[in-house]
Amino acid sequence: MPYENLDDEAVRRRARAGRTPQEAPDRLRLATVDGRTLDDKDLDDRDLDDRAGDDPSASGIVKPLPPELFVEHETNAEMRWDAMGDVGFHVPNDRFFVRNHTSTPIVDAATWRLRLHGTGLSAPRSFGYEELLAMPSVTRDVAIECAGNGRSLFTTQQHQEVAGTPWRLGGIGVARWRGVPLATVLERAGITPDAVDVMARGLDPAYVADGVDHGRVRRPIPAAKALRDVILAYEMNDEPLPPDHGHPVRLVVPGWIGLASVKWVGDIEVSTSPLSSPWNTEFYRMFGDAYPPQGGAPLTTQGVRSAFELPWNATLVAGRPYLLRGRSWSGNGRIADVEVSLDGGATWQRAPLRGPHVASTWTRWQVTWKPAETGRHFLLARATDETGAVQPSHTTHNDFGYLFDAVVRHPVTVVSG
Ligand SMILES: Nc1nc2c(c(=O)[nH]1)N[C@H]1C(S)=C(S)[C@@H](COP(=O)(O)O)O[C@H]1N2
Ligand SMILES: [Mo]
């Protein structure tokens, strides 16, 4: 018997076509097994949807941000997980989340140059766009995820205060990136054996917060990581990098917090002594009661996380079979195992994994569920990665709400048919 497929593309298209932009953010539709549709309840924590307003330029993001695909948070836009159902392994460019400290700059590739400098090079060197395109390229599927992804769950699930963009779980995407290995460019620029740090800097406007000018976004990574698997990407999902994602060239740093993947790279400093910036001293470290006063070590890899491809507080009908789908990922490597609980954590079942199963991306899974009892339920997914790291039931608090990796309690409401 065919299970209700919440991902059915045709159903979702019809649902979207029936909605006006105004009502779209809060009214989501699920198909039922016999093809009828059903209005979903409003999001119960709508105040998280910190929309920048109707002016498309207010966010500083260039691409359209239709509310059925994105939730805007000031200069940022998160992907809606419930819109991932009709999407395959890669997130299309027009749906990929955007995290901008300021605004998307328009950079002309024809006049752009990548400048390399610093004590860790035999001499300064620069490259043009066409020169990069002519170098041997690599193509690789990699997830980019914001260190703050899941931040709002510190508040909604653990009742703790945190500062920063209130992402739910949509601050992640997987794309196919093509570009030049950073190692190739560093070697052509004559990186010295004693180089320790490599710091790319963006061409977007300087980041000013609370009256302090922090300069342009930049953050060092160890030379060993830069030489291992970092890509200077100029293509995203077989298209030239779009403006919002770093045109003409960005870093893609597999497994690491999204911040490391600097967009709109203008210059790269290579140094024989450790480099620092506000992004590895003041931000993107753990501060709070559980951490030393100067903060924990600068953040590097992402943790283990899972999400259901469902509206938050979806409405389902008792007695009908549903196919529940989701994805899990880890900065440490492949996902080894996913367990799902459909009764708020009382019992768990293994969720069969489906599709590609590649490190530094996500793994898709699915379970079937025929809800019996009406009322509010919590769906939980708990992933384990190949290093044995498993999602905890609680994440230790930190002031900026980074790296929320706890099992998420996804609310759904079951109504009688
Ligand atoms: N130059 C520059 N690079 C940047 C940022 C930025 O604001 N400016 N944001 C970083 C952060 S915090 C994240 S999570 C990723 C987001 O990449 P995306 O917008 O392509 O999804 O870009 C990173 N690179
Ligand atoms: Mo981020």
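Helices (H or I, at least four residues) and strands (E, at least two) are DSSP runs, numbered from the N terminus. Good morning, and thank you for coming.

The structure is a predicted model, in which local features need pLDDT of at least 70 and side-chain atom pairs count only at pLDDT 80 or more, while totals for chains, interfaces and linings use all residues. Residues are numbered from 1 along each chain as its sequence is written, chains are lettered from A and ligands numbered from 1 in the order in which they are written, and side-chain values use heavy atoms, with hydrogens and water left out.

Let me begin with the chain as a whole. The chain contains 6 helices and 26 strands. Of its 417 residues, 59% are buried. Here, buried means under 20% relative accessible area, exposed means over 50%, and partly exposed lies in between, with a 1.4 Å probe and protein chains only. The chain exposes about 16700 Å², and carbon and sulfur atoms supply 50% of that area. Accessible areas come from the Shrake-Rupley method with a 1.4 Å probe; for residues, only the protein chains shown count as cover. A contact means heavy atoms within 4.5 Å. Among contacts between residues at least 6 apart in sequence, 72% join residues at least 24 apart.

I now return to Glu339. Is Glu339 buried or exposed? Glu339 counts as buried, because its relative accessibility is 19%. Leaving aside neighbours within four places in sequence, Glu339 is in contact with Trp348, Gln349, Arg350, Ala351, Leu380, Ala381 and Arg382. Pro352 stands 13 residues from Glu339 along the chain, and the C-alpha atoms of the two are separated by 8.8 Å.

Next, Ser328, which lies in strand β20, residues 322-330. Ser328 has a relative accessible area of 0% and is therefore buried. Which side chain does the side chain of Ser328 join in a polar contact of 2.8 Å? The partner is the side chain of Trp365. A polar contact is a pair of N or O atoms within 3.5 Å; within protein, one must be able to donate a hydrogen and the other to accept it, and residues adjacent in sequence count only if both atoms are side-chain atoms.

Leu316 is found in strand β19, residues 314-317. Leu316 is buried, with a relative accessible area of 0%. Leu316 and Val412 are 96 residues apart in sequence, yet their C-alpha atoms are 7.3 Å apart in space.

We come to the ligand. Which residues are the closest to ligand 1? They are Phe97, Asp204, His245, Arg250 and Lys263, among the 20 residues that surround ligand 1. For this count, a residue is near a molecule or strand if one of its heavy atoms lies within 4 Å of it. An oxygen atom of ligand 1 is 2.7 Å from a polar backbone atom of Phe97. A nitrogen atom of ligand 1 lies 2.6 Å from an N or O atom in the side chain of Asp204. In the case of His245, an N or O atom of the side chain is 2.7 Å from an oxygen atom of ligand 1. On its own, ligand 1 has 530 Å² of accessible area, and the protein covers 100% of it.

Gly170 touches Glu78, Met79, Trp81, Phe97 and Asn149, not counting residues up to four places away in sequence. Gly170 is in the loop between α3 (152-156) and β9 (172-181), and at 0% relative accessibility Gly170 counts as buried.

Finally, some points of backbone geometry. Most residues other than glycine have a negative phi, and most peptide bonds are trans. The peptide bond from His247 to Pro248 is cis, with omega near 5°. Pro248 is in the loop between β15 (239-240) and β16 (250-252).

Asp210 has a positive phi, near 50°, and Tyr284 has a positive phi, near 60°. Asp210 is in the loop between β11 (208-209) and β12 (212-213), and Asp210 is exposed because its relative accessible area is 82%. Tyr284 is in the loop between α6 (278-281) and β18 (304-308), and Tyr284 counts as buried, at 5% relative accessibility. Thank you for your attention.
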